[in-house]
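These are my notebook entries on a structure that is new to me. I wrote them down in the order in which I looked things up.

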Amino acid sequence: MAHTYTPGLTVTPRTVISKKRILPIPGAILAEQGKTVASAEVVARAELPGKVHVVNVVNLLGILPEDLKDFMVKREGDRVEKDEALAENKPFIKWFKTEVRSPITGSVEAVSSVTGQVILREPPRQLDLSAYLDGTVAEVIPGQGIRVETACAFIQGIFGVGGETWGELAVIASSPEEVLTADHLMPRHAGKIVVGGSFVGTEAMARAKAVGVRGIVVGGMHDKDLRALLGYDLGVAITGTENVGFTLILTEGFGRIPMARKTFELLRTLNGRKASISGATQIRAGVIRPEIIVPLAADEDARGQVSSARQERGGVKVGDPVRVIREPFFGRIGQVAGLPSDLTVIPTESRVRVMEIGFPDESTAVVPRANIEVIEG
Amino acid sequence: MTSPADKPLRTIVATDCGSTTTKAILIEKVGEEYRQTYRGEAPTTVEAPFEDVTRGVLNAIAEIEELSGRKILDGEKIITPSGAGGDPKVGVDIYISTSSAGGGLQMMVAGVVQSMTGESAQRCALGAGAIVMDVLASNDGRLPHEKIERIRSLRPDMILLSGGTDGGTVMHVVEMAEYIAAAEPRPRLGMSYNLPLIYAGNAGARERVAEILGKKTALTITENLRPVLERENLVPARNKIHDLFLEHVMAQAPGYKKLIAWAGAPIMPTPAAVGLIMETIARKQGINLIGVDIGGATTDVFSVFQGVFNRTVSANLGMSYSISNVLAESGLDNIMRWVPFSIDEQDLRNRIKNKMIRPTTVPQTLDELQIEQAIAREALRLALGHHKTLATGLKGVQQERSISDVFEQKGSGETLVDMLKLDLIVGSGGILSHAPRRLQSMLMMVDAYEPLGFTELAVDSIFMMPHLGVLSTVNEQAATEVFVRDCMIHLGTCVAPIGQAAWGARVADYTITFPAGRVPESGTLTFGALHLFPLAVGEEATVSLKPARQVDLGAGRGEPVERRARGGVVGLMLDGRGRPLHLPAKDEDRIRALKEWHKALGLYPA
């Protein structure tokens, strides 16, 4: 049977996910191999060098850079307190004495006799790295981090904003078509990850922020609402560091698009369970998609039976469920009805490989294979 | 491996390891000519699960083996030289490669004065094929702690520090070095090695810079890239960037040590190789040219004017990954002016965002194609605008003035890009190379660049310019022969008078004399009209134009012009839409004009 390979987004009730948790600079590893960790647990810690402050002492004292060292009260490596004298001049009359005081508490990093600058550094900041997932430490990478592994339900979105968070899933929409509105969001949703249907607008997002929702998972949104949320027009698809009050994950794309039924039904079965989510998206080599990870309970752990979703991808066959991801059939979900092997001329006059798709209303369409996505799982 | 000097090259295999695809081409000497004969491609394998770039290279070469019947691989080795065991269909004489995998070469540069050494350092890094993440300078308006925070947060592959002419300021260069040292910069890849830093500033500050940065970075000192204000000396620093790219950056990427060992010439960053072939062609043919490579994430622009090469990269102007940024930078109206129908703004914005998050999709309907080509016009236009601001004469240089300059004084640092002196535009990248009709590629470039007078246009057939660039370092003849015969698809010539007139008014009378007895064409080019005359590849026509009083064709207003124009797969285009090109302000007039132009040229299917 003819088949093709078109990567899609994974939606699966059971798989094993493994996440590397790596510090930005070398540090100490606090977790032990084989031990169980919870998402909020600190598994590694590093000391980020403190913020640097530059004080141009020669300008303040009216001296030459080469003479600076003679006027310094503090030396390189010395600790200083805020407002403590760093340097002072030596006038004949004490009243005319000028002192240059430290703007921070920290240490003297460098004294330059070329530029006349004194560089001060604040004490190091502690950076804690959390486990992000409830799982087991599968590997310790000395000095760098760990790898956490967990058996879980796993759903990839298409686009997100905001970083990692975790909380209880609350499926609010009654169907994949239902719009998530401000009226749906109640104080009881504080700290939760809410799941809507086809769409979320500005008003509902404002309400979510006010209520203290940790995450929103929904089919689509308008570009204008994303601009309003971020305060700028997102030009390049790299996200994950935004601070908008919650993490947002779109499962389908931009516009009002019902969530794929398979995704919605899986989320509904997971209602009330703890999920770890991330909105980080990067669409380039090394694609990163937003994700919803719901660890399985110990008695559900069917580790022997599951395999990585990635390994299951064999290609697209007639009968597979697919989603069209470009106009004129954008957002529609159907089944592969045929996979002609010859190149076909489409209305733009491009010659491309196509696929025949049958939709639930029994209509059919011919679509470039590049414009469909397999619903995987 | 046999060195190129030992044996004349007859068979060459070259790869370009891109972010997503590794493209391999086979070049063979057919008779007395070098020709590109077969190509293969495979996904790049720098990232998990493979984490070895050579896997993708072997796969791409294996595809060539299948197509050509030539045995090139012996297990996981490339057989060199060709003719091993007496069989001419075994092996190749040399393997060469370029690479932009893993995001290419990302650099930060620093100088003292932003518009002088800062810009020179930027030109140097761009010319070496880098993406410049930021330009730091003493006068860049940022406070010291802001500079330090920026250096720390960027994590580039390499830093280029310049500043001061030889014998000039030491203090400001040392100040920049102190900021870099205070930031304790870490490299992008790997945790265990020091960040490479090239110092190419005032020779008098070397000792101080070495004291400050010697222990905190992998410091390399080279000649000052701006030894005197009047002259740039970019080559030594550019060479050092290439050396460090191989020694540090590439060596950290998975599989590259093996790849470097296979290659018979140093592996080059992809854009550096493209720049090199452009420079070579411009020099050999004695022409001024602009080359553009519009990709999914970035648009690279190369130019050679009066022998001076410049490259810029607009890191966030592209057709998929950064398509939304084209909209953000150009504005919706500028995109919509090229679209011959109305569309709801919200719908269009959602469509563009959907293309960004699903970058591999293709337009299925004509409307979608027209929208994508409209966005491409704006990306091309903006990228050339960026290029013009950096491809300039040196700023801060004293100029001698004569009495003739009284009425027209130009400051130093004028752009070198003179569209009237431009001979050739070469386009590359999916939207240009794979447009359903070649005419669409030609008009996209004409609309975006607004060439003046006579300008030839071409597209790169299968994006083999990187391969040819690195090949030119080994065998220039082979590289230029393949470039002319197999790489470039000549589209034709655009003739565009400069000036404005009332819609339908006479712009110029023209006579076109064709070769070999074809009946000449003559007529009047009116304002707002576009004409296309078939003129095949390899053919030349003589175009005589008598412009209206206010119209200039390069010889001055109203002055007649006669020039030879070369043909191509599209032909000869007479563009009477005026320069600068203004589209009608009213929507209905604009849409009517666009439809007329499209119909006159046969741009889209009826």
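Entry 1, a pair of strands in chain B. I began with a single residue pair in this predicted model, and found that B:D16 stands opposite B:T98, which belongs to β6(B). I then looked up the strands around that pair, and noted that strand β1 (residues 11-17) of chain B and β6(B) are joined by 6 bridges and run in the parallel sense.

Which residues touch the most other members of the largest nonpolar core? I found that this core holds 262 residues, and that B:V13, B:A125, B:L160 and B:L380 are the ones with the most contacts to other members.

The assignment divides chain B into domain 1 (11-101), domain 2 (104-261) and domain 3 (290-393 + 414-601). I looked up the C-alpha centres of domain 1 and domain 2 of chain B, which lie 35 Å apart, and the contact between these domains takes 10 residues from domain 1 and 8 residues from domain 2 of chain B. On the domain 1 side, the elements that give two or more residues are α1 (53-68) and β6 (94-99) of chain B, and α1(B) gives the most, with 3 residues. The residues on that side divide into 4 nonpolar, 4 polar and 2 charged.

How many residues of chain B are in contact with chain A? I noted 45 residues of chain B, in contact with 47 residues of chain A. On the chain B side, two or more residues each come from α3 (144-154), α4 (171-183), α9 (323-330), α11 (345-357) and α12 (366-390) of chain B, and α11(B) gives the most, with 8 residues. By residue type, the chain B side divides into 19 nonpolar, 14 polar and 12 charged. For the complex, the predictor gives an ipTM of 0.88 and a pTM of 0.87.

Entry 5, chain A. Chain A is divided into domain 1 (52-121), domain 2 (158-289) and domain 3 (315-376), and the C-alpha centres of domain 1 and domain 3 of chain A lie 71 Å apart. I then turned to strand β23 (residues 274-278) of chain A, in which 4 of the 5 residues are buried, so β23(A) is largely enclosed by the rest of the structure. Strand β16 (residues 164-171) of chain A is joined to β23(A) by 5 bridges in an antiparallel run, and A:W166 stands opposite A:S276 in β23(A). Strand β25 (residues 291-295) of chain A also pairs with β23(A) in the antiparallel sense, over 3 bridges, and there A:I277 has A:I292 of β25(A) as its bridge partner.

Is A:E149 buried, exposed or partly exposed? A:E149 lies in strand β14 (residues 145-156) of chain A, and because it has 17 C-beta neighbours inside 10 Å, A:E149 counts as partly exposed. Beyond four places in sequence, A:E149 is in contact with A:V16, A:S18, A:G135, A:T136 and A:A138.

Chain B averages a pLDDT of 90, and 95% of its residues score at least 70. Over residues 1-6 of chain B, however, pLDDT stays under 50. Where pLDDT is low, the predicted coordinates should not be read in detail.

Methods: Residues are numbered from 1 along each chain as its sequence is written. Chains are lettered from A and ligands numbered from 1 in the order in which they are written. This is a predicted model: local features need pLDDT of at least 70, side-chain atom pairs count only at pLDDT 80 or more; totals for chains, interfaces and linings use all residues. Two residues are in contact if their C-beta atoms, placed from the backbone, lie within 7 Å. Ala, Val, Leu, Ile, Met, Phe, Trp, Tyr, Cys and Pro count as nonpolar, Asp, Glu, Lys and Arg as charged, and the others, Gly among them, as polar. A residue is buried if 20 or more other C-beta atoms lie within 10 Å of its own, exposed if 12 or fewer, and partly exposed in between; C-beta atoms are placed from the backbone. Two strands pair if DSSP finds at least two bridges between them. Domain bounds come from an automatic or database domain assignment. A nonpolar core is a set of buried Ala, Val, Leu, Ile, Met, Phe, Trp, Tyr and Cys residues joined through C-beta atoms within 7 Å. pLDDT is the predictor's confidence in each residue, from 0 to 100.
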